Amino acid sequence: YGRGLDVEWSVGQERDIAQYLASGFNRFYHCGFPWSFLKPVALLALPSGYSTIVVPDDFGGFEGQLSLAPDDSQTYVPISLVGIGQVYNLQSASSEATGPPEVACLEPLKGSTQEHGQRFQLRVFPTSDQAYTIRAQYYINPDYLSGTKPFAYGGAQHAETLLESCLAVAEKLLDDTADVHAAEFAALLQVSQDIDRRNKPQPLGYNGDNSDRMNRSYGREHNRWPDPVTFNGIAYP
């Protein structure tokens, strides 16, 4: 179709391009690799007297533990994320209970509209006795590029990978083949994943003391290290 500069795209071509972009970005974002840049931390406002709050529109699932702090404090304490049934059972047993929320569950909301898909809310127990802030890390469902949102998640270091992903989709749908762009996308995807791994916690190395392996002659206890492990001056058996 060209760049749309020398020859103007038709309405049908613009519709095709939008499809290639959407599918190409989906293939990159949801390729099965846990991208670090798709897990931001959100601060959710829980007003006084509330037991539910709607999570962000781009919510795709929690990562790790939730934590809670009163609005007049920066001291966060953990909240247990449990099943829906457990929270409802607690609410039915103590419907008037208020205080700092101790447990929470994720609750899918029924229905969708022409403007948005399904949404989710967080239900807590007990009902908040004052205003709180809930801190949560979550997976996001990224928006597609548009005139008002021209920048992709992940930064410029993944630009070529995203481009080849979109071109691979166009190659498949237009030419009914997976050729040059599909191979280039596969190669660049590995590069992008290697780049992203540098932003994650690094392993400390291989633990090869074999202390929990059974010794054929003397049994398990004779094969353990004689001294306990210490960390910050504390001994652990």
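## Strand β3 and its partners

Strands β3 and β7 run antiparallel to each other and are paired over seven bridges. Within this pairing, glutamate 63 has glutamine 137 in β7 as its bridge partner. The structure described in this report is a predicted model.

Strand β3 also pairs with strand β4, which covers residues 77–81; these two strands are antiparallel and are joined by three bridges. In this second pairing, leucine 66 is placed opposite isoleucine 79 of β4.

## The chain overall

In total, the chain contains four helices and nine strands. Read from the N terminus, these elements follow the order α-β-β-β-β-α-β-β-β-α-α-β-β.

The chain has 237 residues, of which 30% count as buried. Among contacts in the chain with a separation of 6 or more, 64% are between residues 24 or more positions apart.

## Aromatic rings

A pair of aromatic rings is described by two values, the distance of the centres and the angle of the planes. Across the whole structure, a search finds 10 aromatic pairs. One of these is the stacked pair of phenylalanine 28 and phenylalanine 37, with 6.4 Å from centre to centre and 10° between the planes. Both phenylalanine 28 and phenylalanine 37 are buried. These two residues also belong to one aromatic cluster, formed by Phe25, Phe28, Tyr29, Phe33, Trp35, Phe37 and Tyr153.

A second stacked pair consists of phenylalanine 59 and tyrosine 138, whose centres are 5.8 Å apart and whose planes form an angle of 25°. Because phenylalanine 59 lies in strand β3 (residues 59–70) and tyrosine 138 lies in strand β7 (residues 132–140), this pair ties together parts that are 79 residues apart in sequence. Phenylalanine 59 counts as buried because its relative accessibility is 5%, and the cut-off for this class is under 20%. Tyrosine 138 is likewise buried, with a relative accessible area of 7%.

## A charge over a ring, and the cysteines

Another aromatic ring, that of tyrosine 76, has a charged group over it: the charged end of arginine 135 sits 3.9 Å from the centre of the ring.

How many disulfides are there in the structure? The count comes to zero. Are cysteine 105 and cysteine 166 buried or exposed? Cysteine 105 is buried, since its relative accessible area is 0%. Cysteine 166 is also buried, as its relative accessible area is 8%.

Technical notes: Residues are numbered from 1 along each chain as its sequence is written. This is a predicted model: local features need pLDDT of at least 70, side-chain atom pairs count only at pLDDT 80 or more; totals for chains, interfaces and linings use all residues. Side-chain values use heavy atoms; hydrogens and water are left out. Rings of Phe, Tyr and Trp (its six-membered ring) pair if their centres lie within 6.5 Å; planes under 30 degrees apart count as stacked, over 60 as edge-to-face and the rest as tilted. Buried means under 20% relative accessible area, exposed over 50%, partly exposed in between (1.4 Å probe, protein chains only). A charge sits over a ring if NZ of Lys or CZ of Arg is within 6 Å of the ring centre and within 35 degrees of the ring normal. A disulfide is a pair of cysteine sulfur atoms within 2.5 Å. Contact means heavy atoms within 4.5 Å. Two strands pair if DSSP finds at least two bridges between them.
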